[in-house]
Amino acid sequence: MKIIPTAKFERNYKKLSGSLKDKAEIALEIFKIDLSDSRLRVHKLHGRFVEYWAFTVSYDCRIIFRYGENNEIFLITIGDRKIYD
């Protein structure tokens with residue numbers, strides 16, 4: 001599996017606090033090992049985000065991603081629940 005961060009993901013990641021970046025790194029390591037790890041609470045999104053999935057970094061932080069072809073996963077964005085707006 002190849003995980004590819006988008007430019008938007010990288011911009012939003014840089015805006016996170018240091019402690020939230022640390023939590024995001026831990027969540028991404030868990031994600032790389034086991035996409036279905038229950039600690040991440042991976043879930044399919046709905047509505048205009050129907051092509052996307054999300055997982056939990058912390059209580060108020062999520063990572064939105066989508067599956068690509070050839071075993072790729074694109075990290076779309078990271079942030080609080082406002083990322084769904």
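Colleague: Which residues does Thr 56 touch, not counting residues up to four places away in sequence?

Modeller: This is a predicted model, in which local features need pLDDT of at least 70 and side-chain atom pairs count only at pLDDT 80 or more, while totals for chains, interfaces and linings use all residues. Residues are numbered from 1 along each chain as its sequence is written, and side-chain values use heavy atoms, with hydrogens and water left out. Taking contact to mean heavy atoms within 4.5 Å, and leaving out residues up to four places away in sequence, the residues that Thr 56 touches are Ala 27, Leu 40, Arg 41, Cys 61 and Arg 62.

Colleague: Is Thr 56 buried or exposed, and what is its relative accessible area?

Modeller: Thr 56 lies in strand β3, where strands (E, at least two residues) and helices (H or I, at least four) are DSSP runs numbered from the N terminus. The classes are buried under 20% relative accessible area, exposed over 50% and partly exposed in between, with a 1.4 Å probe and protein chains only. Thr 56 is therefore buried, with a relative accessible area of 7%.

Colleague: How many Å apart in space are Val 42 and Thr 56, C-alpha to C-alpha?

Modeller: Val 42 sits in the loop between α2 and β2 and is partly exposed, with a relative accessible area of 28%. Its contacts, not counting residues up to four places away in sequence, are Leu 35, Trp 53, Ala 54, Phe 55 and Phe 65. Val 42 and Thr 56 are 14 residues apart in sequence, and their C-alpha to C-alpha separation in space is 7.0 Å.

Colleague: Which residue of β4 is the bridge partner of Trp 53?

Modeller: Two strands pair if DSSP finds at least two bridges between them, and β3 and β4, which run antiparallel, are joined by five. They form a hairpin with two residues between them. In β4, the partner of Trp 53 is Phe 65.

Colleague: How many of the seven residues of β4 are buried?

Modeller: Strand β4 pairs with β5 in the antiparallel sense over six bridges, and Ile 63 stands opposite Ile 78 in β5. β4 is largely enclosed by the rest of the structure, because the number of its seven residues that are buried is five.

Colleague: Which residue in the turn between β4 and β5 has a positive phi?

Modeller: β4 and β5 form a hairpin with four residues between them.

Colleague: What is the phi of Arg 41?

Modeller: Arg 41 lies in the loop between α2 and β2, and at 54% relative accessibility it counts as exposed. Its phi is positive in a residue other than glycine, with a value near 50°.

Colleague: How is α1 placed relative to α2?

Modeller: The axes of α1 (residues 7-14) and α2 (residues 18-33) come within 10 Å and cross at roughly 140°, where axes are lines fitted to C-alpha atoms, for helices over the stretch in contact, and angles run from 0 to 180 degrees between N-to-C directions. Angles under 35 degrees count as roughly parallel, over 145 as roughly antiparallel, 65 to 115 as roughly perpendicular and the rest as oblique. The placement of α1 relative to α2 is therefore oblique.

Colleague: Within what arc do the buried residues of α1 fall?

Modeller: Phe 9, Asn 12 and Tyr 13 are buried in α1, and what covers them includes β1 (2-5), α2, β4 (61-67) and β5 (72-79). The arc is that of the directions from the helix axis to the C-beta atoms. The buried residues line one face of α1, because, seen down its axis, they fall within an arc of 105°.
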